[in-house]
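Dear colleague,

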Amino acid sequence: MEQFSDDELDHAAEEDSDKEDQDLDKMFGAWLGELDKLTKSLDDGRPEKVKKAPLRQESNMANMAYRFSVYNINEALNQGDAVDLDALMADLCSIEQELSTISKPSSASSHLGLTGDAKVRQKPPAGRSHSTKVGSSNSRPPLASNFSMDDITAQLEKASQSMDEAARQTPYSSSTMRRPTSHHHHHRTGSVGTVTEHEVRSFVHSSRSSINSASASSMDSLDIEKPKSDTDGLQDGQDQPSSEEEQAAKQKAEKIRVALEKIKEAQVKKLVIRVHLSDESSKTVMVDERQTVRQVLDSLLDKSHCGYSLDWSLVEIISELQMERIFEDHENLVENLLNWTRDSTNRLMFIERIEKYALFKNPQNYLLGRKETCEMADRNKEALLEECFCGSSISVPEMEGVLWLKDDGKKSWKKRYFLLRASGIYYVPKGKAKASRDLVCFLQLDHVNVYLGQDYRSKYKAPTDYCMVLKHPQIQKKSQYIKYLCCDDVRTLHQWVNGIRIAKYGKLLYLNYQEAMRRTEAAHDWSSLSSSSIKSGSSSSSLPESQSNHSSQSDSGVSETTSSGHVRSQSVVSSIFSEAWKRGSQADEPKVTIEELYFSNLN
Amino acid sequence: MAAWDLTVTVEDLGPDAPPLQISVTSDLHIGGVILKLVEQTNLKRDWSDHALWWEQKQQWLLRTGWTLDKCGVHADARLIFTPQHKPLRLGLPNGATLKMRACFSSPVFRTVMGICRVLNLRHPEELSLLRPVEEKKKKKDKDSSEELYDLTDVPLTAGSVQALYNGMPAHFADSPKTEAVYKMLSVSLPSPAPEAIAKLYRPASIVDKTHIHTRWLDSSRSLMQQGIQENDKLGLRFKYYTFHDMDPKYDAVRLTQLYEQARWAILLEDIDCTEEEMMLFGALQYHIGKQSLSQDMVSSCQGMDDLESALKSLEVKMVGDGNSTDMLVRDTHNKSSRLTLKGYKQYWCKFQETSISYYKSKEDRYGEPIQQLNLKGCEVAPDVNVAGQKFCIKLLIPAPEGMNEIYLRCENEKQYSQWMAACKLASKGLTLLDSSYQSEVQNIQTFLSMQRSSSAAPTSQTDESINTHSLVSPRYQKKYKPKQLTPRILEAYQNIAQLSLTSAILKFLQIWQALPDFGISYFMVRFKGSRKDEVLGIANNRLIRIDLGVGDVVKTWRYSNMRQWNVNWDIRQVAIEFDGNINIAFGCVNADCKVVHEYIGGYIFMSTRARQQSDTLNEELFHKLTGGHEAL
């Protein structure tokens with residue numbers, strides 16, 4: 001790879017030499033067509049076809065990807081000043097860099113496939129031009145010297161706006177939406193170089209697929225910068241004198257290979273998303289479809305200087321259904337966000353949630369008996385975790401008891417005796433003992449996620465506020481397929497939620513925690529002592545039973561007031577936690593364990 | 001010192017030969033006695049395995065350096081000169097009986113180590129020997145006719161590292177006979193006939209489950225000491241439910257036998273599970289059985305297979321998007337009709353990538369589809385009745401508004417298996433080009449053919465047909481007819497059909513281990529100060545007190561909180577102290593309290609293994625922890 005980056009630097013420097021030769025534009029296009037054909041043949045033999053107009057069934061599947069990001073960028077742009085384009089750009093650059101190191105494997109085959117192709121050889125100038133252009137996006141130092149930051153930002157903004165416009169011009173039918181937004185995805189706009197590349201992408205797309213008229217029109221709006229960028233790239237290709245034929249061919253092949261890599265990269269879906277923070281502010285970040293929640297969290301933490309802690313979480317808030325879920329660290333963020341509908345009011349929060357890893361900080365309260373809270377020596381905690389998560393099978397905590405189940409379509413709740421097993425959630429049918437053979441399967445956990453319900457007392461007349469919801473992640477609207485369960489107290493609720501997480505993810509959960517610990521510890525070594533919030537969850541001390549009335553946190557998107565230490569408090573569980581967190585992280589105050597919280601709020 | 005006559009029976013002289021009288025003095029050591037004895041027999045043979053057994057005292061005289069005086073042997077002693085290794089009939093977890101030589105003179109713990117070494121079973125400490133269930137006399141004549149695997153000719157090797165020869169330890173590769181034994185050990189046996197399962201003893205209650213513990217042998221004493229005679233039958237079972245360092249590469253026999261033990265535990269309702277779990281266990285058994293049968297062929301022509309599948313996938317590529325056929329589609333947005341043709345409409349369907357598109361007719365297929373369903377992430381369930389020629393695929397496709405239920409009705413088995421396989425793959429985000437497609441189709445077809453033949457007379461598993469009744473416990477045999485059972489198992493089967501043999505076995509074990517009641521051994525006890533019998537459950541990490549009347553867990557104590565435990569052998573009471581000054585004491589009602597002691601100590605011993613990196617077994621520690629002072 002080093003070899004290429006050197007090359008790329010060269011070309012980038014040469015970029016600004018000539019500004020003529022319009023014919024090359026055509027050639028360039030033709031070459032891209034060729035290139036595209038080759039990509040197709042290399043692309044594991046699967047004929048690439050444009051998806052037909054998506055249908056009802058599919059409305060939040062793959063195609064939604066595009067819609068979704070449009071929605072987000074619209075939102076982002078409409079914010080005006082609030083958009084942190086610089087940050088976004090930094091993001092883009094880093095993704096770019098990442099990408100340039102990742103997608104190597106495909107290269108070898110591309111290389112072989114291409115060198116033997118006569119047609120490619122016939123178009124050396126175009127080949128060069130494309131790759132150099134691409135290269136320029138990788139070489140940031142020379143760029144920085146050529147363009148001022150403002151220039152770039154302006155261009156970036158222009159590009160985004162043009163997309164925005166395109167998006168607005170076209171009616172919101174998905175078939176038309178798809179084109180413009182796909183540009184957006186390939187839009188790794190971090191520099192002028194990448195803007196051009198994104199044009200290249202659109203070009204490739206057009207030659208590859210049968211685009212309908214709507215998409216073509218939307219392309220026009222994106223093509224503002226095209227002439228400039230194309231010539232930019234092409235001229236420098238012309239300048240390269242190819243001395244020895246062999247070497248030239250070799251170089252060409254290399255360049256083509258790089259180009260192909262870039263095209264592959266460009267196919268990686270990226271979302272620009274807004275992440276909300278607990279203080280009502282928000283950040284705009286770009287997420288690559290391959291990134292896990294952990295990776296996104298890490299990059300957010302790097303940027304936000306908010307101090308490292310295990311508890312930083314990405315929380316999905318489905319406001320329409322009044323529920324939320326902390327994304328697990330191993331989950332793929334983009335995949336999850338693609339489940340959102342286009343007109344979704346869902347929000348993604350970046351916030352500290354003590355309940356994320358409370359299970360591992362005080363495993364004795366989740367993995368052992370159910371009734372009493374107790375303290376445990378750290379050594380024993382470790383042994384307990386080891387025992388539960390490192391054996392040859394998952395040992396799901398024995399959760400059973402009476403829960404309230406909401407009737408389908410009604411606002412009534414009935415009591416049922418539920419049991420959690422590794423194979424799913426069961427209940428005891430009326431008039432039967434709880435012998436395994438008589439249990440009725442309520443749900444299997446493969447396809448559902450567990451969410452926390454918010455304020456269901458008023459929404460669904462739930463008996464308490466401690467509700468959990470089980471649903472397929474793709475379901476976004478009210479449906480009979482969503483199951484609502486209500487617990488008598490917050491402790492039971494969290495035991496169930498964690499039990500279900502263990503049954504679903506098993507050891508993965510523990511690995512996530514260990515990984516998070518490693519990150520935190522590593523960060524802790526570097527950061528100052530001021531970010532000493534790490535241990536808040538695991539340390540403990542006694543705290544006065546009665547809790548003061550802390551003002552509510554808006555982290556959950558729903559504002560509530562915490563009435564002090566009362567079972568029937570209106571507070572949403574999450575705000576209790578975040579509040580506790582606040583208390584815990586204040587330097588001089590005693591630190592709180594999650595269990596004390598349960599009880600401080602229960603007594 | 002005065003000489004006196006010692007009476008010794010030499011078994012090798014024949015049962016009717018009179019005992020030999022040898023003149024000894026009290027300061028003669030045992031080795032000297034043996035020497036004299038051998039000289040007097042005038043037999044030339046290898047006597048190295050022989051030792052003296054003192055019948056009245058039920059003990060071996062193994063320390064050749066000790067004098068008769070020190071051993072306490074006087075003129076009235078009747079000694080027997082006999083081999084230490086004798087043949088034993090061993091009931092294996094898979095139900096087969098194997099005749100092999102075992103050591104009758106060392107503590108059972110070491111005897112098991114020796115047996116396991118021969119069987120190529122790692123971690124012998126997890127297994128032990130138990131007496132068989134007392135059989136009625138009627139059955140005894142049957143016993144003689146049962147197939148007996150014989151390994152008595154195989155010498156006991158001392159070395160622990162076994163060289164592999166022909167894919168099996170060298171000592172199995174000697175003859176076709178021993179090779180057959182190894183196959184029996186390492187490949188799971190076909191499913192038993194449903195009647196056979198129904199006939200076997202099943203524990204009906206938790207009290208019944210406590211009885212097994214009256215049968216375990218004492219690990220610290222020898223077989224002879226416990227009254228086991230040559231050619232007696234003993235069971236070999238996994239006793240401690242904590243399986244250390246399971247590695248399919250080295251543990252072919254261990255995995256298979258553990259699987260068999262688990263399978264029988266489930267079939268005989270020794271451990272309770274839900275209906276859903278039973279169906280999955282059934283599907284896995286079916287799959288494992290099928291894979292085991294085809295295993296030999298696979299290993300021999302792996303290369304051919306690869307080539308074939310490569311060619312096949314190439315073929316698919318050439319064809320392009322694979323399936324597209326006329327099919328009945330029912331979109332149950334209006335759920336009115338049930339399982340009839342009503343509500344179905346015929347469309348031309350096309351499978352592309354992970355989506356199904358359907359068109360009004362074949363002619364319209366290049367236009368816009370009426371609907372396109374992306375199956376990624378959807379739930380696929382079969383709805384099949386072979387006899388009724390109904391081949392439906394039920395799709396539950398998630399959408400923002402909920403789940404969409406779609407039924408695809410296929411015309412015949414062939415079409416069904418192709419589409420089913422494609423749907424299955426698509427739900428996982430894989431396309432028809434995936435290499436597993438063909439085998440998936442095959443699997444589905446095989447399973448369907450099973451349903452066709454299931455109405456026939458019950459047979460044990462053969463290549464094509466199997467009675468699904470033999471995959472479930474008698475409770476479900478009673479509850480469902482095979483006709484009803486097959487679709488249920490088929491449904492579960494869809495999710496595991498792609499597993500390899502080893503992964504299927506591992507999966508089976510994993511689900512078994514995840515059952516709430518897994519690994520709990522029950523003992524009937526009487527707690528100190530209590531007037532009624534209760535049940536104590538011993539698991540690998542905790543003790544559970546269970547109320548017999550209600551069947552509920554009353555209290556759980558974990559080993560991690562345990563300070564110490566001891567046994568008062570005089571009153572046969574086990575006393576345990578936990579952190580926080582919690583003391584419990586109990587006596588055992590039916591089992592010997594040595595067995596309880598061994599279980600608790602054994603589990604603690606097992607938990608020390610992770611920390612000990614060395615491969616050698618710390619026998620001394622085991623006996624110390626389990627109260628086996630006799631063996632020390």
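Helices α8(B) and α15(B) are oblique to each other, a word used for angles that are not under 35 degrees (roughly parallel), over 145 (roughly antiparallel) or 65 to 115 (roughly perpendicular). This is a predicted model, in which local features need pLDDT of at least 70 and side-chain atom pairs count only at pLDDT 80 or more, while totals for chains, interfaces and linings use all residues. Residues are numbered from 1 along each chain as its sequence is written, chains are lettered from A and ligands numbered from 1 in the order in which they are written, and side-chain values use heavy atoms, with hydrogens and water left out.

Helix α8 of chain B covers residues 252-267 and helix α15 of chain B covers residues 501-514, and the two pack at about 45° with their axes 10 Å apart. On the α8(B) side the contact (heavy atoms within 4.5 Å) includes B:L255, B:L258 and B:Y259, and on the α15(B) side it includes B:I505, B:F508 and B:W512. The residues of this contact divide into eleven nonpolar, one polar and one charged.

Helix α5(B), residues 176-186, also packs against α8(B), at an angle of about 55° and with the axes 7 Å apart, which makes this pair oblique as well. Here B:Y182, B:M184, B:L185 and B:S186 of α5(B) meet B:A252, B:V253, B:T256 and B:Q257 of α8(B); five of the residues in contact are nonpolar, three are polar and none is charged.

**Cavities**

The count comes to 14 cavities of 30 Å³ or more, a cavity being a set of points on a 1 Å grid where a 1.4 Å probe fits but cannot get out. The largest cavity has a volume of about 190 Å³ and is lined by 14 residues (those with an atom within 4 Å of a point), with A:R325, A:I326, A:V450, A:V497 and A:R501 nearest its centre. The largest share of that lining, five residues, comes from α21(A), and by class the lining has six nonpolar, three polar and five charged residues.

Best wishes

Notes: Axes fitted to C-alpha atoms, helices over the stretch in contact; angles between N-to-C directions. Helix = DSSP H or I, 4+ residues; strand = E, 2+ residues; numbered from the N terminus. Nonpolar A, V, L, I, M, F, W, Y, C, P; charged D, E, K, R; others polar. 1 Å grid on protein atoms, 1.4 Å probe; cavity = no way out; pocket = protein on both sides within 12 Å on 5 of 7 lines; lining within 4 Å. Points joined across faces, edges and corners; volume = space filled by probe spheres on them.
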